[in-house]
Amino acid sequence: MSKKVVATINSTGRQAASFIRAASAVGWHVRAQIRNREGLVAEELETLPNVELIEGDLTGPQRTALLNRLFFGAKIAFINTVHWGDEVAIGKACADAAKRAGVAHYVYSSMPDHSIFAPDWTALPMWASKFAIENYVRQLGIPATFVYTGIYNNNFTSLPYPLFQMELQDDGSFVWQAPFHPDDPLPWLDAEHDVGPTLLQIFKMGPNHWKGQRVTLAFEKLTPLQCCARFARGVGRPVKYVHGPIDIKVQIPSGYREQLDILQETLGVKRAPYFGPELEYPREGRSIWEGYRGIEEYAREVFPIEEYANGLRWMEEESTAPSSVAAGEVDDGELEPAEPRGSRPMTPAGRSLPLHVTGAYTPKSHPEGLDAEFFVGSM
Ligand code: NAD
């Protein structure tokens with residue numbers, strides 16, 4: 001009996017790898033494009049049953065041939081483009097190849113372009129390219145669904161990367177400083193744990209169920225204060241939220257700096273909702289996949305392991321910080337139910353916060369890619 005053939009690109013990325021693990025486990029034949037076989041994730045994918053790795057660079061001149069090979073016989077595809085190379089050109093080429101191959105259900109991982117919602121909201125450049133690709137896929141007329149991903153739980157690290165640093169304090173507690181208003185809800189997603197099963201279910205529901213629709217991949221709706229309270233409970237140490245500018249302590253590419261600058265202004269100062277004003281969460285994601293991993297579970301079970309793999313050893317020492325915050329001084333009850341579409345009040349523009357640059361730092365590499373490259377893909 002012939003197997004269901006599914007195509008993926010950037011297969012060592014957290015989204016695609018999560019889906020590949022799930023698809024492989026249920027016996028689908030996965031054609032997975034990877035740039036090279038280096039790294040733990042590539043090595044892992046190589047050992048999975050039903051996974052055929054297609055090695056090649058999507059930014060190179062052999063792109064069309066590579067994509068023809070990737071999509072040959074594929075009836076479904078999960079495409080997550082990344083900003084390396086010309087993202088829009090790669091996204092369009094993938095959609096063209098899928099159309100040529102007659103793909104019956106194409107899921108593209110998109111993101112919003114905030115500039116279409118309000119005159120003073122600026123598009124986040126690394127998200128707007130995805131929205132442009134979404135529009136191209138729509139124009140092509142292939143049966144498609146567009147998933148919108150929340151903030152990954154494992155963006156958090158105690159290493160000094162911008163935006164999601166859980167900065168370790170002398171007393172063993174943590175501080176997260178970010179420009180998000182402390183009371184603004186944010187969507188949270190454990191990409192490695194939950195992208196795969198959710199996509200599997202979306203594909204099983206078939207192309208007509210979500211045809212042309214945007215589906216939010218976000219399983220918790222938590223303000224920064226609520227997120228910190230849950231994180232504290234999970235990690236067993238106090239976690240304090242500081243509403244402040246993005247602190248840039250490492251060298252980052254100028255494109256990523258621009259992304260962070262605009263994120264701070266649009267989502268932070270102007271308080272635009274992360275997905276824009278129209279998309280609801282987390283009810284939709286949870287209706288598709290109930291077994292999600294929340295931030296508390298992530299902080300308890302995964303964060304210390306990732307940190308240890310990064311060469312950090314704080315988890316071997318007791319925290320001397322008072323435990324009251326860890327137990328939860330903040331009400332970490334979830335914001336429920338999801339707000340009706342378009343009902344969120346817009347806050348007038350505030351004063352712009354400058355990005356705070358405190359010098360260069362060359363971080364350690366994580367065996368799974370927790371390095372500078374990884375964090376450029378963070379948001
Ligand atoms: P990832 O960040 O886990 O990995 C990035 C991938 O890019 C790796 O597989 C790497 O091999 C690959 N890559 C491709 N070409 C490359 C090149 N020339 N040089 C270096 N690496 C290259 O990937 P992911 O998380 O599955 O997807 C990243 C995308 O997700 C980004 O576009 C980001 O904007 C988006 N996103 C992230 C978040 C978040 O919270 N982290 C939220 C929403 C959207």
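Student: In what order do the strands of the three-stranded open sheet run?
Tutor: In this predicted model, the three strands of the open sheet are ordered E7-E10-E12, and their pairing is mixed.

Student: Which strands stand at the edges, and why is one side of each left without a neighbour?
Tutor: Strand E7, at 151-152, and strand E12, at 220-222, are the edge strands; each has a single partner strand, so one side of each has no neighbour in the sheet.

Student: And in what sense do E10 and E12 pair, parallel or antiparallel?
Tutor: E10, which covers residues 186-189, pairs with E12 in the antiparallel sense, over three bridges. Within this pairing, Trp188 is found opposite Glu220 of E12.

Student: Which helix packs on that sheet?
Tutor: Helix H7, residues 224-235, packs on the sheet and touches both E10 and E12, with its direction at about 115° to that of E12.

Student: Switching to charges, how many salt bridges does the count come to?
Tutor: The count comes to 14 salt bridges.

Student: Where do Arg233 and Glu296 sit in the chain?
Tutor: Arg233 is in helix H7 and Glu296 is in helix H10, residues 295-301, so this pair links distant parts of the chain, 63 residues apart. Arg233 itself counts as partly exposed, at 36% relative accessibility.

Student: OK, and which side chain meets Glu167 in a salt bridge?
Tutor: That is Lys249, at 3.3 Å from N to O. Glu167 belongs to strand E8 (residues 166-168), whereas Lys249 is in the loop between strand E14 (247-248) and helix H8 (254-269), so the pair ties together parts that are 82 residues apart in sequence.

Student: Is Lys249 buried or exposed?
Tutor: Lys249 is buried, because its relative accessible area is 16% and the cut-off for buried is under 20%.

Student: Which residues are linked in a network of salt bridges?
Tutor: A network of salt bridges links Arg37, Glu46 and Glu55. Within this group, Arg37 and Glu46 form a salt bridge whose closest N and O atoms are 2.5 Å apart.

Student: What is the relative accessibility of Glu46, and what does Glu46 count as?
Tutor: Glu46 has a relative accessibility of 41% and counts as partly exposed. Arg37 is also partly exposed, with a relative accessible area of 34%.

Notes. Residues are numbered from 1 along each chain as its sequence is written. This is a predicted model: local features need pLDDT of at least 70, side-chain atom pairs count only at pLDDT 80 or more; totals for chains, interfaces and linings use all residues. Side-chain values use heavy atoms; hydrogens and water are left out. Two strands pair if DSSP finds at least two bridges between them. Helices (H or I, at least four residues) and strands (E, at least two) are DSSP runs, numbered from the N terminus. Contact means heavy atoms within 4.5 Å. Axes are lines fitted to C-alpha atoms, for helices over the stretch in contact, and angles run from 0 to 180 degrees between N-to-C directions. A salt bridge is a side-chain nitrogen of Lys or Arg within 4 Å of a carboxyl oxygen of Asp or Glu. Buried means under 20% relative accessible area, exposed over 50%, partly exposed in between (1.4 Å probe, protein chains only).
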